[in-house]
Amino acid sequence: MVSILEYILIFFAWTFILYWMHRICHHVPYLKQIHWHHHKFVTGQQPKWMWQNIFLYSDDWMSTLDIIVTEIIPTIIFCYFTGHWWVFVWYYIWTAFIQEWFEHNPNFNVWPFSAGKYHLNHHKNWRHNFSLFFPIWDIVFGTHEPVNSN
Ligand SMILES: [Zn+2]
Ligand SMILES: [Zn+2]
């Protein structure tokens with residue numbers, strides 16, 4: 001029987017993978033080029049939800065390639081090896097329906113979530129704030145940059 005603790009551990013193990021995948025994408029040359037499209041796209045504008053998001057299309061084709069490489073493939077591999085496919089279901093719901101409202105929303109600044117201002121700090125200074133959902137792995141690995149209140 002799966003306990004609630006196991007779900008929590010699986011969730012954070014998954015975000016650990018995504019955290020490192022994101023960090024790696026800022027250093028490995030070819031991956032860096034792909035990931036840079038996400039950074040370029042978001043500068044100065046907040047992406048809006050669009051119906052293509054339900055097919056996991058994100059902002060433009062290169063940004064979509066970015067989430068395929070940095071999030072979708074690692075998530076599928078993670079689910080395959082752990083057998084916890086609910087993680088992919090959650091990832092799908094997040095990416096298809098929720099992400100665009102929060103992730104780059106300059107008005108969203110709610111502790112302990114790493115969306116909104118916290119993630120926008122990563123767009124300004126890509127040496128910090130790689131975490132998805134919660135800042136735990138930034139804190140653990142020393143890349144945490146708290147959001148200024150002003
Ligand atoms: Zn972003
Ligand atoms: Zn990044």
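Author: A helix here is a DSSP run of H or I with at least four residues, and helices are numbered from the N terminus. The model is predicted. By that rule Gln-99 lies in helix 4.

Reader: What makes Gln-99 buried, exposed or partly exposed?

Author: The count of neighbours decides. A residue is buried if 20 or more other C-beta atoms lie within 10 Å of its own, and exposed if 12 or fewer do. Gln-99 has 19 such atoms, so it is partly exposed.

Reader: Which class does Trp-49 fall into, and why?

Author: Trp-49 is also found in the loop between helix 2 and helix 3. With 13 other C-beta atoms within 10 Å, Trp-49 is partly exposed, because exposed requires 12 or fewer and buried requires 20 or more.

Reader: Which residues does Trp-49 touch, leaving out those up to four places away in sequence?

Author: Trp-49 touches Glu-100 and Trp-101. The test for contact is C-beta atoms within 7 Å. By contrast, the C-alpha atoms of Trp-49 and Ala-13 are separated by 28 Å, with the two residues 36 apart along the chain.

Reader: What makes Asn-107 exposed?

Author: Asn-107 has 8 other C-beta atoms within 10 Å, so it is exposed. Asn-107 sits in the loop between helix 4 and helix 5. From Asn-107 to Thr-82 the C-alpha distance is 36 Å, for a separation of 25 residues in sequence.

Reader: What is the peptide bond from Trp-111 to Pro-112, cis or trans?

Author: That bond is cis, with omega near 5°. Pro-112 is in the loop between helix 4 (86-102) and helix 5 (117-124). Most peptide bonds are trans.

Reader: How do you know whether Asn-129 is buried or exposed?

Author: Asn-129 has 23 other C-beta atoms within 10 Å, so it is buried. Phe-133 has 18 and is therefore partly exposed.

Reader: How do you know that the length of helix 2 agrees with its number of residues?

Author: Helix 2 (residues 29-42) has 14 residues, and at 1.5 Å a residue it should span 20 Å. The expected span uses one less than the number of residues. The end C-alpha atoms of helix 2 are 21 Å apart, which agrees. Helix 2 also bends by about 25° at His-35.

Reader: What describes the packing of helix 1 and helix 3?

Author: Two packed helices are described by the angle between their axes and the distance between the axes. Helix 1 (residues 4-25) and helix 3 (residues 61-82) pack at about 145°, with axes 10 Å apart. Their crossing is right-handed.

Reader: Which residues of helix 1 and helix 3 meet?

Author: Ile-10, Trp-14, Ile-17, Leu-18, Met-21, His-22 and Cys-25 of helix 1 meet Thr-70, Glu-71, Pro-74, Thr-75, Phe-78 and Thr-82 of helix 3. Eight of the residues in this contact are nonpolar, four are polar and one is charged.

How values were computed:
Residues numbered from 1 in each chain as written. Chains lettered and ligands numbered in written order. Predicted model: local features only at pLDDT ≥ 70, side-chain atom pairs only at ≥ 80, totals over all residues. Axes fitted to C-alpha atoms, helices over the stretch in contact; angles between N-to-C directions. Helix = DSSP H or I, 4+ residues; strand = E, 2+ residues; numbered from the N terminus. Left-handed = near helix turned anticlockwise from the far one by under 90°. Contact = placed C-beta atoms within 7 Å. Nonpolar A, V, L, I, M, F, W, Y, C, P; charged D, E, K, R; others polar. Bend = angle between axes of the 7 residues up to and from the residue.
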